[in-house]
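Here is a friendly walk through a protein model for someone who has not seen it before. Have a look at the picture, then read on.

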Amino acid sequence: DDDIFSSAFCENSDKLIDVHLFALAAKYYSLSSLGVCTPLEDVLEALKGDSKGATGIKPDEFMNNKKSHEVQVMSELVDSIANYCGIKQVIDIGSGKGYLSSFLSMQYNLKVYGIDSSSSNTNGAHERNRKLKKHWRAYQSRGKENLKSQSLEKANDRPVEHELNCKKINEDLLNNANSFQNQGQVIVQDLVPSCGFTEMAALETNTETEAGLVTGTRSHETKLSEEVLAVLNVLPVDAVEDFSSSNCNCGELCEEEKVQRKITSLKTKARKSSESNLYLPLTSCITAETELNDIITDLEDCMMVGLHTCGDLAANTLRIFTAKPEIKAVCSVGCCYHLLSEQFENQEECHNQVWGFPMCQYLKDKGWCCGRNARMSACLALERVAVGQMLPTESLFYRAVLQVIIEEIYGVTKSDRHVGKTFSKSSSFIDYVRRSLKKLELDDSKLPDSCIMDYYEKYKPRMNELEAFNMLKVVLAPCIEVLILLDRLCYLKEQENIAWSGLVKLFDPVKSPRCYAVIALKNQSCS
């Protein structure tokens, strides 16, 4: 196969002469074709055990479609791994705004520490989580009363003799639930008229007592959660008034109901107390040498997760996992390959530095180097381009011509400064160049508008060449990503304390291009 694909290039000049063969070779060496990935369904099935599987909640009302997709899929997998390993503590590395962390804690009752190097991210995550928990609890409480009311309405269709046995309990509870439901509906309709609440299905029950109704209600909490999530980001923090059963005028209650209410109240208080610190955002910069005990005082057996950990952070997450006995599993989805540090990219010797690439001994022994251009290409999204989401050709053209101007006019070939997202703020190519020069701290007064436009007109006929070149980079992107991901997997395979490790495609690559997770579980005997 290598001999066949090599004919895509000229033997003498090494120039590309067969684009079709080049594309076939790139596809052949992509993860989807190599057969090295473990299907997500197989992983979930192996981890399932006696668990009931996913809850089916879709948090797309309080995060964008991409993030909702990522959080829903990854949280189900993380919960399955945690259950399999018998652990309740999760450390979310590079947690950002806390989307994954908060969902893991509230929906799956896991104790999550979200660690991010940005204090603004941590503070924002803390405030967002506070509001989230407040609305979650209030609507969960009110929703249970709604379910109870609907359950009793369903019970009214039972035979006459059954109604006689339960009439007193049903009447009292129905009055209570209807009162509760009316208050809740007024608040929701006034505040969020378009949030799209759906009517919940009636709860079927064959029990004759309130205790049976409470049990049935608990079994439907997953349905309730979807309604709760629908309003989390719509409501202001003080929008929900906390109603308790003592505020409702429900008439006389039978002794059994009074006892049941006391038990439910005590359980609710205990649950709220245990949940008070289920998710804690922390600010810290994570490196390969980080001591988690210095950050988390109650560190116990846990797993590490990372949703789109940037650059070296993904590699360092794996190194910490293999080094710390308390960490029993890891699930890491990396991104920003262009920010990886490479051991063999520069000639300087740095014996004590820990590099992002390569990680495995095999590539270290070969002195393998990708280079920044290749790593930049690995960040491109072939699947998005394939469905019509084309590359921003004009902005890339602006950037290419700007580089020529900087090199020829200013003699600068390398800079630590970045142009950033200047294109979207610019009204023309001249405006773009001047804004960029200021960001690079270069004097633009020596460059007249006519000179800038001369460069633009000179290279404009070659814009199609630039587009073709970038399309070739897109086609090659999956091959470079393969190299980086297999390096991480091989590193885990080299460790003696790993029971299983694999690459798993978690996300739809059109929604989330960086869709592969590196997953590993330690031997159960490791401690």
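## A serine in the sheet

Leaving aside its neighbours within four places in sequence, which residues is S332 in contact with? Before the answer, a word of caution: this is a predicted model. With sequence neighbours within four places set aside, S332 touches G306, T309, A314, L318, Y516, A517 and V518.

You'll find S332 in strand 5. Its relative accessibility is 4%, and since buried means under 20%, S332 counts as buried.

## The whole chain

Stepping back, the protein chain has 527 residues, and 46% of them count as buried. Its secondary structure comes to 20 helices and seven strands.

The seven strands form an open sheet with mixed pairing, in the order 3-2-1-4-5-7-6. At its edges sit strand 3 (279–283) and strand 6 (498–505), each pairing on one side only. From one strand to the next, the twist averages 15°.

As a reminder, strands of a sheet pair through backbone hydrogen bonds, either parallel or antiparallel. Here, strand 2 (residues 111–116) runs parallel to strand 3, and five bridges link the pair. One of the residues to look for is D116, whose bridge partner in strand 3 is T283.

Now find helix 20 (residues 463–493), which lies across strand 5 (327–335), strand 6 and strand 7 (516–522). Helix 20 runs at about 165° to strand 6.

## Helix 4 and its two sides

Which residues of helix 4 are buried? They are L40, V43, L44 and L47. Looking down the axis of helix 4, you'd see these buried residues fall within an arc of 95°, so they line one face of the helix.

The buried residues of helix 4 pack against helix 5, strand 6 and strand 7. On the other side of helix 4, E41 and A46 are exposed.

## Where helix 4 meets helix 5

Helix 4 (residues 40–48) and helix 5 (residues 65–85) have axes that come within 9 Å and cross at roughly 30°. The crossing is left-handed. From helix 4, the residues involved are L40, V43, L44, A46 and L47, and they meet V73, E76, L77, S80, I81 and Y84 in helix 5. By type, the residues of this contact divide into nine nonpolar, one polar and one charged.

Between helix 4 and helix 5 there is a loop, and M63 lies in it. Is M63 buried or exposed? With a relative accessibility of 8%, M63 counts as buried. M63 and Y99 are 36 residues apart along the chain, yet their C-alpha atoms are separated by 7.9 Å.

## Around helix 18

Last stop: helix 18 (residues 429–439). The buried residues here are F429, I430, Y432, V433, R434, S436 and L437. What do the buried residues of helix 18 pack against? Their partners are helix 17 (393–410) and helix 19 (449–459).

Helix 18 is followed by E441, which has a positive phi, near 60°.

Definitions and conventions
Residues are numbered from 1 along each chain as its sequence is written. This is a predicted model: local features need pLDDT of at least 70, side-chain atom pairs count only at pLDDT 80 or more; totals for chains, interfaces and linings use all residues. Side-chain values use heavy atoms; hydrogens and water are left out. Axes are lines fitted to C-alpha atoms, for helices over the stretch in contact, and angles run from 0 to 180 degrees between N-to-C directions. Helices (H or I, at least four residues) and strands (E, at least two) are DSSP runs, numbered from the N terminus. A crossing is left-handed if the near helix is turned anticlockwise from the far one by less than a right angle, and right-handed if clockwise. Contact means heavy atoms within 4.5 Å. Ala, Val, Leu, Ile, Met, Phe, Trp, Tyr, Cys and Pro count as nonpolar, Asp, Glu, Lys and Arg as charged, and the others, Gly among them, as polar. Two strands pair if DSSP finds at least two bridges between them. Buried means under 20% relative accessible area, exposed over 50%, partly exposed in between (1.4 Å probe, protein chains only). The arc is that of the directions from the helix axis to the C-beta atoms.
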